[in-house]
There are 2 protein chains.
Amino acid sequence: MHPISYTDVTAARARLKAHLPASPAMHYPLLDQLVGHDIRVWVKHENHLPVNTFKVRNATSALTALMERDAELAARGVAAASTGNHGQGLAWAGARLGIPVTICVPEGNNPEKSAVIMSYGARLVEAGATYDDAVAHCDALIAAEGLTRIHSTNNADVLAGAGTLTAEFLEQVPELDAIVLALGGGSQCVGAITVRDAVKPSLTVFATQSEGASAQHDAFHDGMPRHGQSVNTFAEGIANGSTYDMTVNALRAGLTDFVLVSEASIAQAIRDFLRITHNLAEGAGAAGLAGLHALAPKLAGKQVGIVLCGGNLDTPTLRHILQ
Amino acid sequence: MHPISYTDVTAARARLKAHLPASPAMHYPLLDQLVGHDIRVWVKHENHLPVNTFKVRNATSALTALMERDAELAARGVAAASTGNHGQGLAWAGARLGIPVTICVPEGNNPEKSAVIMSYGARLVEAGATYDDAVAHCDALIAAEGLTRIHSTNNADVLAGAGTLTAEFLEQVPELDAIVLALGGGSQCVGAITVRDAVKPSLTVFATQSEGASAQHDAFHDGMPRHGQSVNTFAEGIANGSTYDMTVNALRAGLTDFVLVSEASIAQAIRDFLRITHNLAEGAGAAGLAGLHALAPKLAGKQVGIVLCGGNLDTPTLRHILQ
């Protein structure tokens, strides 16, 4: 049923150990007060990892696995289409591991994000008017240069990397009753489900998405895969209009529930994280808190984990959110 | 000469080990580009510690030392006058260690900061119109209730706690040639000097302050202690108008240099930290970066450490800085 096994996750943890520290799990009494319902909230600070997001786990897992499997292929380089976190994660991991990285982005990509990708020595290729054009260009480069594609979701090593987050979280806070996770491609949730089934079957796993980009939420509820559904959310990290072959079934079978949150509630969650934790979350990295608000009556009295990521919020967007 | 010894610092590290993780030391290529002069910049993320600041080291060091020395006194409780980080650090450490904490603040204290202090179970006493009035009230409470005063600077255990920062930093980045530190009371710099003298005498230690609150800078340069000099800076963590008995001489003898930075350059450093690292710094926690800009021509080609703290910036101030 699952596209990966718990053994894949523990193998990924072993590969990541030399490169990434455990991210802290922190408790803030003021966050408990905010959420109410006698819930104890634990924040997994994935924003304290390099490039400020769990995506660095995914990228490092994929590149270390490739190196183990075929060093020659790894030395030739990897490529992906991305506009944000996946590209930053690959660029960081490639620099760390000495693997050439190519990231294809559409023309006019957000300059702050492109600058980060290039700062780690990755080759940035601007091509095409849309993200899909960038994907097509990336395919051509991969074929021409013999590169290895690292898909952001449809890649077992990526999913295993994401699973290390929940494995680590349960070691830090064994009392966790539930986790509420923002869902983009689904790697974080599939990783959580895989770990839950092996380590703590009583853990409930909830996903959340913006009302403005609800493809995966809709597919979870009606069982119909989605492709190219419209997206309209400032939370770029979860602005996905499609389901993915490797995650869609596991999500449907393994998630406890999947809720939508408003754009306004995501913006409010960013402000609350700033005020209470003094950490900068991006939209996708604050959506878990917004989802927790929606689920709070159901989770009364529980210990609940959420994830804070923050690598993808540029200054103009933050300025707008604070106004 | 020094008010503490390196042995005091290693003892503090041993006491802190069970309570605080090492804070990460991170390198951002875009920060190197920003600073220029072929400098490699290392950021010590003290904002990733509880209450987002190195002050939690100072408080935890003082309270664990008190427990070891006199458990009965510790059980009776500790008190301090503070408006910000020192009070938050003590409140967190007291909750962690089971020691009652009283924090005296002036009436009308910033409500966000008071809320954090109370959220950790500390007793918050609002008394008097000014900070000095709160100090006087704190003195009276200490006398009446047999509490132990934990001064933010004039306390050897506090200074030893601050020293653990530099000891940790040098283990993480042995190549460091220099560190540039924002100076409020002077604990961080005295700690750095103490560790430098014992571990790496070639390390240069620079202090920086705002032009708007230059008492300690002025004392460093002319040798005259200051008391009640005017302060006019938004960087509340370094808004000190006085020198302190336990730090003033050690700073004069041990600092390599002490430079002033403008309010505008501190605000710019907060914006640069947000854009490049996606971390929220407060004014005092960004002043090190502002100081590094001022010192950069002298530090060309060096590996330089700075510290990012961020527990003390409220949302209205951040909004203002981003506009």
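Predicted model: local features only at pLDDT ≥ 70, side-chain atom pairs only at ≥ 80, totals over all residues.
Is helix H13(A) mostly covered or mostly open, and how many of its 13 residues are buried?

**Figure 1. Helix H13 of chain A and what lies over it.** H13(A) is mostly covered, with 12 of its 13 residues buried. The length of the helix can be checked: the 13 residues of H13 (residues 283-295) should span 18 Å at 1.5 Å a residue, and the end C-alpha atoms are 18 Å apart, which agrees.

**Figure 2. The two domains of chain A and the side where they touch.** Domain 1 of chain A takes in residues 6-53 + 155-322, and domain 2 takes in 56-149. Their C-alpha centres lie 24 Å apart. Across the boundary, 23 residues of domain 1 are in contact with 16 residues of domain 2. On the domain 1 side, the elements that give two or more residues are helix H1 (6-16) and helix H8 (156-172) of chain A. H8(A) gives the most to that side, with seven residues. By class, the domain 1 side holds 10 nonpolar, nine polar and four charged residues.

**Figure 3. The contact between chain A and chain B.** Here 25 residues of chain B are in contact with 26 residues of chain A. Four helices of chain B give two or more residues to the side that touches chain A: H2 (29-35), H6 (111-119), H12 (263-277) and H14 (315-322). The residues of this side of chain B divide into 12 nonpolar, nine polar and four charged.

**Figure 4. Chain B laid on chain A.** The same surface serves both copies, since 100% of the contact residues of chain B recur in chain A. For the model as a whole, the scores are ipTM 0.93 and pTM 0.95. Chain A averages a pLDDT of 95, and 100% of the residues score at least 70.

Figure 5. A:Asn52 lies in the loop between strand E2 (40-45) and helix H3 (55-69) of chain A. Its phi is near 65°, a positive value in a residue other than glycine. With 29 C-beta neighbours inside 10 Å, A:Asn52 counts as buried, the cut-off being 20 or more. In chain B, the residue shown is B:Val51, in the loop between strand E2 (40-45) and helix H3 (55-69) of that chain. Phi of B:Val51 is near 55°, again a positive value in a residue other than glycine. B:Val51 has 29 C-beta neighbours inside 10 Å and therefore counts as buried.

**Figure 6. A:Tyr28 and its partners from elsewhere in the sequence.** A:Tyr28 is found in the loop between strand E1 (25-27) and H2 of chain A. A:Tyr28 counts as buried because 21 C-beta neighbours lie inside 10 Å. Leaving aside neighbours within four places in sequence, A:Tyr28 is in contact with A:Val43, A:Ile276 and A:Thr277. A:Tyr28 and A:Thr277 are 249 residues apart in sequence, but their C-alpha atoms are 7.3 Å apart in space.

**Figure 7. B:Ala269 in helix H12 of chain B.** B:Ala269 has its place in helix H12 of chain B. With 27 C-beta neighbours inside 10 Å, B:Ala269 counts as buried. Not counting residues up to four places away in sequence, B:Ala269 touches B:Ala286, B:Ala287, B:Leu289 and B:Ala290. B:Met224 is 45 residues from B:Ala269 along the chain, and the C-alpha atoms of the two are separated by 30 Å.

Definitions and conventions
Residues numbered from 1 in each chain as written. Chains lettered and ligands numbered in written order. Domains from an automatic or database assignment. Contact = placed C-beta atoms within 7 Å. Nonpolar A, V, L, I, M, F, W, Y, C, P; charged D, E, K, R; others polar. Expected span 1.5 Å × (residues − 1). pLDDT = per-residue confidence, 0-100.
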